[in-house]
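Okay, everyone, thanks for coming. Let me put the structure up on the screen, and then I'll walk you through it.

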Amino acid sequence: PAYNPATYNIRSSDAVLTDASYIRLRNIVLSYDIPKDWIKKLHAVNWKLFFHMQNIFTITKYKGHDPESQSLSSLPPLRMITVGTQVNF
């Protein structure tokens, strides 16, 4: 292979460095117990609603997919929102 001084100069300089700082809200869990007055009508012992949220947002100036992994071949973490209910009779 031919010697390429431009490639060597880029690799040995700070031209490929970038700011990968970030702030990420990773998890939120909310839960709500339904009041006992409402539960009595259903003849239940307790009733709970819940919300689980993952990877809500990331604040960054990083130009790639994800500042945490800094890989071109991997995707950033998926945003997931789960809503559910739990009733005990």
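Before I point at anything, a word on how the elements are named: helices (H or I, at least four residues) and strands (E, at least two) are DSSP runs, numbered from the N terminus. Keep in mind that this is a predicted model, where local features need pLDDT of at least 70, side-chain atom pairs count only at pLDDT 80 or more, and totals for chains, interfaces and linings use all residues. Residues are numbered from 1 along each chain as its sequence is written, and side-chain values use heavy atoms, with hydrogens and water left out.

So, the overall picture. The protein has two helices and three strands, and from the N terminus they come in the order α-β-α-β-β. The radius of gyration is 25 Å, well over the 12 Å that the globule rule gives for 89 residues, so the protein is more spread out than a compact globule. That radius is taken over C-alpha atoms, and the rule is 2.2 Å times the number of residues to the power 0.38. Along the principal axes, the C-alpha atoms fill a box of roughly 80 × 25 × 10 Å.

How much of the protein counts as buried? That would be 13% of the 89 residues, where buried means under 20% relative accessible area, exposed means over 50%, and partly exposed is in between (1.4 Å probe, protein chains only).

On to contacts, meaning heavy atoms within 4.5 Å. Taking contacts between residues at least 6 apart in sequence, 66% join residues at least 24 apart.

Now let's zoom in on Arg24, which sits in strand S1, residues 22–33. At 16% relative accessibility, Arg24 counts as buried. Which side chains does the side chain of Arg24 make polar contacts with? There's Thr58, at 2.8 Å, and Asp66, at 2.4 Å. By polar contact I mean a pair of N or O atoms within 3.5 Å; within protein, one must be able to donate a hydrogen and the other to accept it, and residues adjacent in sequence count only if both atoms are side-chain atoms. Not counting residues up to four places away in sequence, Arg24 also touches others, including Asn55, Phe57 and Glu68.

Let's follow that to Asp66, in the loop between S2 and S3. Asp66 is buried as well, at 4% relative accessibility. Leaving aside neighbours within four places in sequence, Asp66 is in contact with Arg24, Pro76 and Pro77.

That loop between S2 (46–60) and S3 (80–88) also holds Ser73. Ser73 is exposed, with a relative accessible area of 73%, and its side chain has a 3.1 Å polar contact with that of Ser71. Lys61 is in the loop between S2 and S3 too, and Lys61 is exposed at 73%. Lys61 and Lys48 are 13 residues apart in sequence, and 39 Å apart C-alpha to C-alpha.

Last thing: backbone angles. Most residues other than glycine have a negative phi. Where do we see a positive phi here? His43 has a phi near 60°, and Asn55 has one near 55°. His43 is in the loop between helix H2 (36–41) and S2, and His43 is exposed, at 68% relative accessible area. Asn55, on the other hand, lies in strand S2 and is buried, at 15%.
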